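Visitor: Hi, I have a new structure to look at. Can you walk me through it?
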Amino acid sequence: MLTAILSPQPPLVGSSIGSVLIVVCWVCFMFAFSYIKTMVTVLLGDYWGHRALFWCGAVTQGGAVVGALLMFLLVNVFNVFHDEGMCII
């Protein structure tokens, strides 16, 4: 979240440790998020079976659609986000 808020000037901009820190933080975040999502799906399948896996997939896809539509509206219709120029590292 901090990298998005401080863009185009991320923490420790211009230093190699800053670039490494950003990449490591994003890799750790995506690993944790994927692991938790997978474990929730496994637990649902173990406790409630095939039907729960179907609904888990349906809700996941529904969430992706809602998120995509929301971001489309925020970016293209309501112009909430503005271009701050290129991030030069």
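Guide: Start with helix H2, which covers residues 16-48. H2 has 33 residues and reaches 48 Å from its first C-alpha to its last. That is close to the 48 Å expected at 1.5 Å a residue. Keep in mind that this is a predicted model.

Visitor: OK. What follows H2?
Guide: Gly-49 follows H2. The phi of Gly-49 is positive, near 80 degrees.

Visitor: And how many residues does H3 have?
Guide: H3 has 28 residues. From first C-alpha to last, H3 reaches 40 Å, close to the 40 Å expected at 1.5 Å a residue. Helix H3 takes in residues 50-77.

Visitor: Which residue with a positive phi follows H3?
Guide: Asn-79, with a phi near 50 degrees. Asn-79 has this positive phi although it is not a glycine. You will find Asn-79 in the segment after H3.

Visitor: Is Asn-79 exposed, partly exposed or buried?
Guide: Partly exposed, because its relative accessibility is 45%.

Visitor: New topic. Which residues does UniProt annotate as "transmembrane region"?
Guide: The UniProt record, an unreviewed entry, gives residues 12-32 and 52-81 that label.

Visitor: What does the model show over residues 12-32?
Guide: The chain there is 81% helix and 0% strand. The end C-alpha atoms of residues 12-32 are 24 Å apart.

Visitor: And what about residues 52-81?
Guide: That span is 87% helix and 0% strand. Its end C-alpha atoms lie 37 Å apart.

Visitor: Let's do surfaces. Which residues make the nonpolar patch?
Guide: Met-71, Phe-72, Leu-73, Val-75, Val-77, Phe-78, Val-80 and Phe-81. The patch comes to about 750 Å².

Visitor: Where is Leu-73 placed?
Guide: In helix H3. Leu-73 counts as partly exposed because its relative accessibility is 36%.

Visitor: What about Leu-69?
Guide: Leu-69 lies in helix H3. Its relative accessible area is 51%, so Leu-69 is exposed. The cut-off for exposed is over 50%.

Visitor: How far is Leu-69 from Arg-51?
Guide: They are 18 residues apart in sequence. In space, Leu-69 and Arg-51 are 27 Å apart, C-alpha to C-alpha.

Visitor: How far apart are Thr-41 and Cys-56?
Guide: Thr-41 and Cys-56 are 15 residues apart in sequence and 7.0 Å apart in space, again C-alpha to C-alpha. Thr-41 is in helix H2.

Visitor: Why does Thr-41 count as partly exposed?
Guide: Because its relative accessible area is 27%. Partly exposed sits between the under 20% of buried and the over 50% of exposed.

Visitor: Last topic, aromatic rings. How many pairs are there?
Guide: The structure holds 5 aromatic pairs. One of them joins Phe-54 and Trp-55. These rings are edge-to-face, 5.2 Å centre to centre, with 80 degrees between the planes.

Visitor: Why give both a distance and an angle?
Guide: Because a pair of aromatic rings is described by the distance of the centres and the angle of the planes.

Visitor: Is Trp-55 buried or partly exposed?
Guide: Trp-55 is partly exposed, because its relative accessible area is 48%.

Visitor: Which rings are linked into a cluster?
Guide: Trp-26, Phe-29 and Phe-33, through ring pairs.

Conventions
Residues numbered from 1 in each chain as written. Predicted model: local features only at pLDDT ≥ 70, side-chain atom pairs only at ≥ 80, totals over all residues. Heavy atoms only, no water. Patch = residues over 30% accessible without salt bridge, like charges linked within 9 Å, V, L, I, M, F, W, Y side chains within 5 Å. Areas by Shrake-Rupley, 256 points an atom, 1.4 Å probe, with all protein chains shown as cover. Salt bridge = Lys/Arg side-chain N within 4 Å of Asp/Glu carboxyl O. Helix = DSSP H or I, 4+ residues; strand = E, 2+ residues; numbered from the N terminus. Buried < 20%, exposed > 50% of the residue type's maximum accessible area, 1.4 Å probe, protein only. Phe/Tyr/Trp six-rings, centres within 6.5 Å; stacked < 30°, edge-to-face > 60°. Expected span 1.5 Å × (residues − 1). UniProt positions renumbered as here; feature names shortened; annotations may be inferred.
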